[in-house]
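Open the model in your viewer and keep the selection tool at hand. This tour says what to pick at each stop and what is there.

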Amino acid sequence: MSEAPTNGSDPQPVVRLREIHKSFGSNHVLKGIDLTVHKGEHVVIFGPSGSGKSTLLRTINLLETPDSGSVWFEEQEYGPGLDDEDLPKGRARLLRQQIGMVFQQFNLFPHVTALDNVALALRRVKRMPRPDAEMRAAAYLDRVGLLDKLGAYPTQLSGGQQQRVAIARSLVMEPKVMLFDEPTSALDPELVGEVLAVMRSLAESGMTMVVVTHEMGFGEEVGDLNIFMDEGVVVEEGGRELYQHAQEPRTQAFLKSIL
Amino acid sequence: MFEPAIDILAQARFRPEFIWDNRDIFIDGVWLTIRIALVAFALSTALGLAVALLRLSKSWIISPIMATYVNVFRAIPLLVFVLFVYYGVAIHFGFSITAIQAGVLALTLQYSCWLGEIFRSGIQAVAHGQRQAAMSVGMSRPQTFFRVVMPQATRIVVPPTSNMFIGMIKDSSLVYIIGVPELLRVSNLLANRTFRYFEVYLGTVIVYLILTTAAYFLFKYIEQRFQLVDVLTSKVRSPFARARSRRLRALQEAVAASRGADPALRLADS
Ligand SMILES: Nc1ncnc2c1ncn2[C@@H]1O[C@H](COP(=O)(O)OP(=O)(O)OP(=O)(O)O)[C@@H](O)[C@H]1O
Ligand SMILES: [Mg+2]
């Protein structure tokens with residue numbers, strides 16, 4: 001089905017996507033994407049609207065099942081189409097428990113408090129007793145500076161606060177990788193800073209991250225691998241210098257257009 | 001027991017005490033109306049939930065079958081349907097069910113369609129991102145449905161469901177046609193025997209008004225119970241809220257006290 005993982009030198013690869021293809025009907029959204037994310041690495045993905053960035057990100061935790069290609073996490077292949085293999089049926093769930101995801105629209109659960117948003121998966125997925133789960137959840141809310149808001153419901157929080165709760169909700173599961181899908185694009189400009197600050201601290205703490213963002217300053221600061229995507233393919237990738245010295249005309253044009 | 005109907009002038013006089021004098025007969029009818037409405041509504045809710053879930057199933061065969069079920073049963077006038085279920089089916093084919101059971105069945109079959117459509121739209125109204133967020137932290141499909149989608153859908157459907165409950169109280173009167181001695185049937189008998197039409201039907205109207213108003217306030221209360229307030233900042237009143245607020249405060253203090261000295265753990269200033 002796919003080649004064996006190349007056991008590279010350190011740092012080890014955590015996420016490996018090989019030759020990913022995905023179509024929605026006749027819309028060919030991902031056209032053979034390869035992506036390797038190493039432990040502790042910060043990958044930044046940018047590109048025009050509709051180029052397939054979100055679809056690619058959702059493929060990493062199998063919220064989207066690719067039509068072909070393979071998805072690896074650490075030393076394990078997770079899909080697609082591995083139904084009769086040694087892994088149990090909840091394969092995608094096992095994968096998702098190790099990967100955190102933060103959404104553009106926050107997607108907090110509006111019917112429960114900030115505390116319960118963070119504690120829910122601890123209780124239901126990790127089967128942690130309620131007092132322990134709440135203690136852990138409160139500690140993570142404290143990490144993102146929201147200990148005083150633990151009784152608040154999402155609608156009672158600002159966008160920036162909601163996104164920080166969402167980050168805590170993912171982090172509390174102690175993921176090995178964090179995925180961010182345009183985490184600041186739904187925020188009022190004055191609230192972008194507080195969320196980027198949390199993400200920057202997280203990057204400094206050594207978390208492996210894949211971030212789709214149009215905050216080029218963030219990419220220049222923390223992006224170890226920066227990827228420009230357009231129409232379902234990786235057009236160009238590189239280190240921090242990519243933002244100033246892009247080679248491809250399409251990358252140059254895009255960077256110019258969003259500055 | 002009833003007055004003889006002779007004196008036209010006496011008939012024309014308004015005698016409100018007449019209702020009171022015949023309260024026992026009324027009360028039996030009211031009781032039956034309440035029981036029919038409650039039982040039929042409970043059954044419709046359960047069946048309606050099943051209808052909604054089956055209609056949302058991805059199966060190409062189940063979903064159209066349920067759509068047909070809904071569209072057929074909804075399209076029949078309820079009065080006609082009550083007659084059909086009891087005389088047309090139950091009596092004709094010799095099923096041994098009582099008129100009350102047949103009436104409840106007819107109400108349930110029809111109301112499960114209306115409620116099923118309400119529940120389906122409620123489930124669909126929950127943003128897709130909610131499912132994605134739940135699955136992204138590793139929750140299973142059932143967990144996602146019961147812990148994330150369903151509680152939100154429930155809040156969405158409370159107001160339209162309350163309308164349906166009020167409708168059920170009113171529509172339960174239609175089973176009078178198959179001889180079920182509920183409020184309307186009892187009123188008809190009493191009025192026809194005594195010619196006290198105004199008093200009797202005024203009493204009937206008032207009782208229905210009381211029942212539907214009570215239902216309205218019951219659902220209003222349910223809606224209020226669903227309101228989301230931060231117990232730490234709101235003016236705490238109920239003992240439940242006070243206990244919850246105390247628990248959250250204790251949690252905050254415990255976390256603040258055990259805050260590690262490791263600054264790397266902190267991602268933001270408080
Ligand atoms: N669930 C879906 N069903 C059908 N089409 C979809 C679905 N999700 C995405 N698409 C389509 O796939 C293409 C890529 O979408 P995607 O969301 O990955 O783009 P994007 O790069 O994240 O864009 P944006 O910057 O606007 O978020 C778009 O044309 C979109 O319409
Ligand atoms: Mg997107």
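Select helix 7 of chain B. Of its 9 residues, 7 are buried, so helix 7 is largely enclosed by the rest of the structure. Buried means under 20% relative accessible area; over 50% is exposed, and in between is partly exposed (1.4 Å probe, protein chains only). Helices here are DSSP runs of H or I with at least four residues, strands are runs of E with at least two, and both are numbered from the N terminus. This is a predicted model, where local features need pLDDT of at least 70, side-chain atom pairs count only at pLDDT 80 or more, and totals for chains, interfaces and linings use all residues. Residues are numbered from 1 along each chain as its sequence is written, chains are lettered from A and ligands numbered from 1 in the order in which they are written, and side-chain values use heavy atoms, leaving out hydrogens and water.

Stay on helix 7 of chain B and color its buried residues: B:Gly129, B:Gln130, B:Gln132, B:Ala133, B:Ala134, B:Met135 and B:Ser136. What covers them? The cover includes helix 1 (53–60), helix 2 (91–96), strand 6 and helix 5 of chain A, together with helix 8 of chain B. Now step past the end of the helix. B:Gly138 follows helix 7 of chain B and has a positive phi, near 95°.

**The helix pair in chain B**

Axes are lines fitted to C-alpha atoms, for helices over the stretch in contact, and angles run from 0 to 180 degrees between N-to-C directions.

Show the side chains in the contact, which means heavy atoms within 4.5 Å. Helix 7 of chain B brings B:Gln130, B:Arg131, B:Ala134 and B:Met135. Helix 8 of chain B brings B:Arg141, B:Thr144, B:Val148, B:Val149 and B:Gln152.

**The six-stranded sheet in chain A**

Move to chain A. Here 6 strands form an open sheet in the order 6-7-8-3-9-10, with mixed pairing. Two strands pair if DSSP finds at least two bridges between them. Which strands are at the edges? Strand 6 and strand 10 (233–238) of chain A are, each pairing on one side only. Neighbouring strands of this sheet are turned by 15° against each other on average, direction ignored.

Pick strand 3 (residues 42–46) and strand 8 (residues 208–212) of chain A. They run parallel and are joined by 4 bridges. A:Val44 has A:Val211 in strand 8 of chain A as its bridge partner.

Next, select helix 5 (residues 159–171) of chain A. Helix 5 packs on the sheet and touches strand 6 and strand 7 (177–181) of chain A. Its direction makes about 170° with that of strand 6 of chain A. Then take helix 8 (residues 249–258) of chain A. This helix lies across strand 3, strand 9 (225–230) and strand 10 of chain A, at about 95° to strand 9.

**The four-stranded sheet in chain A**

Another open sheet in chain A has 4 strands in the order 2-1-4-5, with antiparallel pairing. Its edge strands are strand 2 (27–38) and strand 5 of chain A. The twist averages 25° from one strand to the next.

Select strand 1 (residues 13–24) and strand 4 (residues 68–73) of chain A: 5 bridges join them, and they run antiparallel. A:Arg16 stands opposite A:Trp72, and A:Leu17 has A:Val71 as its bridge partner. In strand 5 of chain A, A:Val71 is bridged to A:Gly79. Strand 4 and strand 5 of chain A form a hairpin with 2 residues between them. In the turn, A:Glu74 has a positive phi of about 50°.

**Two single residues**

Select A:Thr113, in the loop between strand 6 (99–102) and helix 3 (114–124) of chain A. Is A:Thr113 buried or exposed? A:Thr113 is buried, at 3% relative accessible area. Beyond four places in sequence, its contacts are A:Leu150, A:Gly151, A:Ala152, A:Tyr153 and B:Arg244.

Finish at A:Leu196, in helix 6 (residues 189–204) of chain A. A:Leu196 counts as buried at 9% relative accessibility. A:Leu196 touches A:Thr184, A:Glu215 and A:Phe218, not counting residues up to four places away in sequence. A:Thr184 is 12 residues from A:Leu196 in sequence and 7.7 Å away in space, C-alpha to C-alpha.
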